[in-house]
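Please read these notes beside the sequence and the model.

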Amino acid sequence: MVTLAASDFELMDAAVAAAATVRRSTSPNPWVGAVVLRPDGRDVVGATEPPGGRHAEIVALEAAGPCAGGTLYVTLEPCAHVGRTGPCATAIIDAGITRVVVGVEDPDPLVSGEGVAALRDAGLDVVVGVRGVEIAEQLAPYLHHRRTGRPWVVLKMASTLDGRTAAADGSSRWITGVEARADVHRLRACSDAVLVGAGTVREDDPELTVRGELASIDQPRRIVLGSIPDGARVLPATSMSGALGTVLDELGAAGVVQLLVEGGARVAHDFLAEGLVDRLVLYVAPAVLGGDDGAPLLAGAGAASIEGLRRGRFVSIAQVGDDLRLEVEI
């Protein structure tokens with residue numbers, strides 16, 4: 001049985017925090033954090049650089065300097081193959097690290113246990129699973145993409161308390177407040193692509209860009225299901241068609257790790273009906289339209305009976321300005 005010290009959890013927490021700082025800059029590579037605990041007791045933190053740059057382990061090792069006999073904490077299993085960079089497992093061994101604490105194993109077929117095996121074969125003490133639940137949640141889009149080849153699909157919707165997304169005349173700006181709309185830009189900034197239906201483009205003419213304080217990041221790809229009208233503000237965008245599963249396969253193969261689906265009601269219904277939504281984010285405004293003539297969240301046939309009800313799990317509930325943000329695992 002492996003015995004862990006309180007410091008093992010504290011230093012892994014520091015690695016998790018480091019990973020969070022690079023969430024928007026590393027995709028399609030994973031956002032990983034690492035900490036080197038030197039023999040003199042000093043700890044040094046690193047995080048993965050943008051694609052083509054150094055992995056978190058290398059950043060931390062190079063910042064730590066001589067660290068033979070030290071311990072490395074890393075949120076994701078180190079790679080053992082040559083990609084854009086050299087194998088991290090080899091660098092860890094060459095640095096003289098004697099103990100490695102890993103959060104979760106990497107399901108990427110090029111890694112998938114090979115990194116841990118290489119470290120153990122070299123005589124290093126390797127512990128796997130520290131803060132594994134928290135790290136699996138942090139890396140959920142990446143892990144899903146590597147296991148399935150498809151993007152992690154986040155469906156974003158906003159409604160009144162009575163489940164309406166627009167009034168009877170089609171007006172919908174703005175149901176939610178400024179803070180909730182800013183939070184949507186954070187969601188976009190964490191996504192590799194944003195998808196809507198052509199009907200939404202015709203009716204609302206959205207830009208689907210990241211604006212505000214996050215506007216300086218690389219903008220997500222914009223995907224439209226169907227034909228894109230000339231002059232639409234969503235341009236430049238990619239028009240796609242066909243089965244949703246095929247669309248996801250194509251986007252996953254193109255390096256889209258997280259896909260944000262923003263509507264409309266028919267597209268949202270179809271993604272849910274086909275079981276293709278991994279996370280639902282619903283913003284609920286403290287407002288009521290008060291009738292059945294407003295636009296509903298979903299457009300399409302629902303469950304024929306209560307036995308067909310789709311149930312999920314609340315991941316988080318938070319107040320964002322005057323609105324509520326409900327995050328549900330479907």
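1. Apart from neighbours within four places in sequence, T75 contacts M12, A15, V16, W31, V32, G33, G103, V104 and I135 (contact means heavy atoms within 4.5 Å). T75 belongs to strand β3, residues 71-76. Its relative accessible area is 0%, so T75 is buried (under 20% is buried, over 50% exposed, partly exposed in between, with a 1.4 Å probe and protein chains only).

2. On provenance, this is a predicted model in which local features need pLDDT of at least 70 and side-chain atom pairs pLDDT 80 or more, while totals for chains, interfaces and linings use all residues. Residues are numbered from 1 along each chain as its sequence is written, and side-chain values use heavy atoms, without hydrogens and water.

3. W31, one of the contacts of T75, has R23 over its face, 3.8 Å from the ring centre. R181 places its charged end over the ring of W174, at 4.4 Å from the centre. Such a charge requires NZ of Lys or CZ of Arg within 6 Å of the ring centre and within 35 degrees of the ring normal.

4. The protein chain contains 10 helices and 15 strands (DSSP runs: H or I of at least four residues, E of at least two, numbered from the N terminus). Of its 330 residues, 47% are buried. Among contacts between residues at least 6 apart in sequence, 73% link residues at least 24 apart.

5. The C-alpha trace of the protein chain spans about 70 × 40 × 40 Å along its principal axes.
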